[in-house]
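I opened a new notebook page for this chain. Below are my entries, in the order I looked things up.

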Amino acid sequence: MTTVHATATTATSADLSVWPASTSEPRRGDLAVGGVPLTEIADRFGTPVYVLDEAEVRDRCRTYRDAFPDAEILYAAKAFLCRALVHWVDEEGLGLDVCSAGELELAVTTGFPPERIVLHGNAKSPRDLETALRLGVGRIVIDSPSEIARLAAAVGPDGHQKVMVRVVPGISAGGHEKIRTGTDDQKFGLSISDGYAQHAIARILDQPQLELTGLHCHLGSQITSVKPYLSAVRRMVGLMARLHQQHGLVLPELDLGGGHGIAYRPGEEALDLTTLARKVRMELVEACAAAGLTVPRLFIEPGRAVVGPAGVALYRVLSVKHTGEHTYVAIDGGMSDNPRPSLYGVRYAPRLVGRHSTAAPTRVTVVGRHCEAGDILATAVELPGDIRLGDLLAVPVAGAYHLSMASAYNMVGRPPVAAVRDGRARLLVRRESFEDIRHRDVGL
């Protein structure tokens, strides 16, 4: 995705390459996103706080629509979901990919058309399936053989539900082993190599109330190369050709999932969306022509690539500690509001905002406030040597998998989310209070 950043006194385009496109430096040492100074947001809503640039989210939705004009683009709700975001995605013409009854209920009760929603999940609960059928979800992705009978029974002999089958194409791709989901011998999907996918499809075809519309695969997350997607297209079309030979089956849909990689720090690689769209389309057309198949409608499921770069997290410095050769800068958040560094070793590029420092930069480790040695946000990053208590740190690329994976660890409460646009900020999700935590504790 191509973004153009506002430049000002000391901020270079390289400095802001991973920030929202609206980022500017209204005065030295300060940054504004969506026309709103980050210091103003921190003062108004407190810290930690997530900032989401509405215009950036919408622009990224449109970028996907432009890159894949003939495809169905489904926003992957697991990255981050709230009612306002449901509204933005709907207005920009995207569908939704959800993984639970909770995500589904939030979307539909916000007014999102259920027929434009796909339900995923490697272990769907009875409530997940009941909610999906009750609300009229567009498609349910079958992930295991046991789901076939369960879903057919829930639909009933006179009912009807469109389904897809999640296939494991045997491709290793992704930024970390814990987020690679296209390989054999893991919990997701049904493997092509051992025949489980073909067997499940045959069983689905014996259930008249289940309409198999297509195949689904998801290779993993943080993929920055186009090649794995092209391999997936070839393997999926190969399976579709075998199904046509065996059953006379012509599937009209093919879902390639998401996992499109983004840069978290300046200089990191990101997936080239324009190249991806062009090459995937070419590969799909050529593979179908060789197999004598009609080209299916393509489904794409971006999540992180839509909201990740649109978000900024703000923290206050609570302490600065010099220990041996290391300097530790502790903030008022941590793994309870962003567990990704602890889970996947992800590192960010925090920046001092709110004051201009002339001190020489020093290498520090930014750590969280929680009782875990692994509660580290960023290692070996440069911050001004006079970094001190009360300073404000801003962390870009914080829009995906932060609040959605936040926990109640140490009972500090999950942060709020504020949206910015055209010089105005508004609260989307309020801060979780101690009262919220206390009211859930009903054991006395």
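First, the accessibility classes: I call a residue buried under 20% relative accessible area, exposed over 50%, and partly exposed in between, with a 1.4 Å probe and protein chains only. The model is predicted, so I take local features only at pLDDT of at least 70 and side-chain atom pairs only at pLDDT 80 or more, while totals for chains, interfaces and linings use all residues. I number residues from 1 along each chain as its sequence is written, and side-chain values use heavy atoms, with hydrogens and water left out.

**Entry: C99**

Is C99 buried, partly exposed or exposed? I find C99 partly exposed, because its relative accessibility is 29%. C99 sits in the loop between β5 (95-98) and α4 (101-109). My helices (H or I, at least four residues) and strands (E, at least two) are DSSP runs, numbered from the N terminus. Next I looked up the contacts of C99, meaning heavy atoms within 4.5 Å. Leaving out residues up to four places away in sequence, C99 touches K78, L119 and H120.

**Entry: helix α3**

Which residues of α3 (residues 83-91) are buried? I list A84, L85, V86, W88 and V89. A reminder to myself: an α-helix has 3.6 residues a turn, so residues three or four places apart point the same way. Just after α3, G93 takes a positive phi of about 85°.

**Entry: the whole protein**

I count 12 helices and 20 strands. The radius of gyration, over C-alpha atoms, is 23 Å. The globule rule is 2.2 Å times the number of residues to the power 0.38. For 444 residues a compact globule would come near 22 Å, so the value agrees. Along its principal axes the C-alpha trace spans about 70 × 60 × 45 Å. Buried residues make up 55% of the 444. Of the contacts between residues at least 6 apart in sequence, 67% join residues at least 24 apart.

**Entry: confidence**

I checked pLDDT, the predictor's confidence in each residue, from 0 to 100. The mean is 92, and 93% of residues reach 70 or more. Over residues 1-11 the pLDDT is below 50, and the model gives this stretch 29 contacts beyond near neighbours in sequence. Residues 178-183 also stay under 50. For residues 178-183 I note 28 contacts beyond four places in sequence.
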